[in-house]
Amino acid sequence: MCGVLGIYGNEGVFAEILSGLNTIQHRGQDSAGIVTLKGIFHIKKGLGLVNEVFRDGSVLPGKCGIGHVRYATQGSTGLENAQPFTVNYPFGLAMAHNGNVTNFEALRHSLSQDHHRLLETTSDIELIAYQMVLALEKRDLHKLSPTDIFEAIQEVQKTVEGAYAVVAVIAGFGLLGFTGPHGIRPLLLGRKGQNYAITSETTTLDYLGYELVHEFEGNESVFIDKNRELYLSKGQASKPAFCVFESIYFAREDSRFKNRLVAAQREALGRLLAKHFTREGLKPDIIIDVPSSSYFCAQGIAEELGIPLRRGLVKNNYIGRSFIAHGQKQREKLVKQKHNAISEIIKDKRIAVVDDSIVRGTTAKHIVGLLKQRGAKEVYFVSASPQLKHPCVYGIDVSEKEMILSERTVEDVRKLIGAEALIYPTLEDLYEVFPKNKHCAACFSGEYPTRLSSEVFSLAEREKINAGRLE
Ligand code: AMP
């Protein structure tokens, strides 16, 4: 998962891109980068958080540029894979994306064998960029029109399979944004006066003072030319399949997708989860959240059941991402440093504790243990998302091998994490909040919206091992 941002603004757009990237920092902390255009591409990329990469005070000139924050889901976490990616032929092209290309191997093979490209990275953005180059090369380079650009993008959308939301600058022409088939990953367009911003989340638009003018569906593209004229192309119709995990976990609660506030979607899921308590005869004294993505879900449960919502767990925001740490020992160590429980709130109570998801179970096991250590009488663990059983090949970076439920029953997991009860929403609950005909819930249902080759899962797993993202 990553975050993208492109702005066609005023001279000094770099400052706006920099502060915009900070608003989507939660989408990726492996690397950050910005490219602006003024005569040439001005590029700065580095490993780590946005403020770490740009700590040296560098300023890039120009009115138009793109930025990226990366959470590696394809390729290693090294600097060579930091985005934006640039090429200089047939035009200067800078590009960044969020998502995952599923026909990665086939595209790599055809680019290197049939088109003799020397690929420099192990990231899928290079493949998208070169597909765009191949499509642009076929056009009359002296008279490139918005129609030519859209036709080139449509060729890319036909060739590149999987999930992607892309921002790009074509030197001398303008700013573009486009989505892959089904619109699995988010992309939004905002306007402020004559200026345009294309971003992964509406929260960026709120912070930068842009008004939302369009949310991309699948196979859509926008182009803003150097006179700030806006062009929109719908591309080939495709069934919408927006990722539900965006709303459940990845996005900020103050973001909006499809005109619905993420916080409200989480709360609605919580209200549906409440009936599982009634059905199972569970009567917690308090509801607490595992900070902070499940807060609104916990609130929904609490309000529906009429039980107090308390902040019983405190998170240390300065501990790195335990989820992607190498090795189970290291993950457990980080998870331990991440949360503390407040005994005064927990002691002698029956606690329902809500987290957004259970993947390997590392967090759930630790939290249940911690709550008991602080004197909880009983712990009911609640996952805001249904049982995670199928690998995501669209950029969530969880393989089947890692999932605690892949070879266990829910009862096995309950025992393993040491909880008195374990509650998941059903797929029907999920579809009530996120209609099935408009969303991708493949990691829960096993129903994948895109064409997938039979070996895609084993290739994805091998790639993850080779890139050092899976033991
Ligand atoms: P685990 O501890 O392996 O069960 O992972 C679950 C925890 O990791 C939850 O607290 C989530 O907030 C977080 N999480 C779930 N999926 C991801 C993901 N793809 N990347 C990073 N963190 C995640």
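The following legends describe close-up views of a predicted model.

View 1. A nitrogen atom of the ligand lies 2.8 Å from an N or O atom in the side chain of Tyr 71. For the side chain of Tyr 249, the distance from an N or O atom to a nitrogen atom of the ligand is 2.9 Å. An oxygen atom of the ligand is 2.9 Å from a backbone N or O atom of Arg 360. On its own the ligand has 500 Å² of accessible area, and the protein covers 93% of this.

View 2. Helix H10 comprises residues 328–338, and its buried residues are Arg 331, Leu 334, Val 335 and Lys 338. Seen down the helix axis, these buried residues fall within an arc of 100°, so they line one face of H10. Lys 329 and Lys 336, on the other side of H10, are exposed. The buried residues of H10 pack against strand S19 (313–315), strand S20 (339–341) and H12.

**View 3. Val 222 and its contacts.** Val 222 is placed in strand S12, which spans residues 221–225. Its relative accessible area is 0%, so Val 222 is buried. Leaving aside residues up to four places away in sequence, Val 222 touches a set of residues including Phe 150, Leu 175, Ile 198, Phe 216 and Tyr 231.

**View 4. Two cis peptide bonds.** Most peptide bonds are trans. Gln 83 and Pro 84, however, are joined by a cis peptide bond with omega about 0°. Pro 84 is in the loop between strand S4 (64–70) and strand S5 (85–87). The peptide bond from Tyr 89 to Pro 90 is also cis, with omega near 0°. Pro 90 is in the loop between S5 and strand S6 (93–101).

**View 5. Positive phi values in a loop.** Most residues other than glycine have a negative phi. Lys 258 is not a glycine, yet has a positive phi of about 50°. This residue lies in the loop between strand S15 (256–257) and strand S16 (260–261). Lys 258 counts as partly exposed, at 31% relative accessibility. Asn 259, in the loop between S15 and S16, has a positive phi of about 65° although it is not a glycine. At 69% relative accessibility, Asn 259 counts as exposed, because exposed means over 50%.

Methods: Residues are numbered from 1 along each chain as its sequence is written. This is a predicted model: local features need pLDDT of at least 70, side-chain atom pairs count only at pLDDT 80 or more; totals for chains, interfaces and linings use all residues. Side-chain values use heavy atoms; hydrogens and water are left out. A polar contact is a pair of N or O atoms within 3.5 Å; within protein, one must be able to donate a hydrogen and the other to accept it, and residues adjacent in sequence count only if both atoms are side-chain atoms. Accessible areas come from the Shrake-Rupley method with a 1.4 Å probe; for residues, only the protein chains shown count as cover. Buried means under 20% relative accessible area, exposed over 50%, partly exposed in between (1.4 Å probe, protein chains only). Helices (H or I, at least four residues) and strands (E, at least two) are DSSP runs, numbered from the N terminus. The arc is that of the directions from the helix axis to the C-beta atoms. Contact means heavy atoms within 4.5 Å.
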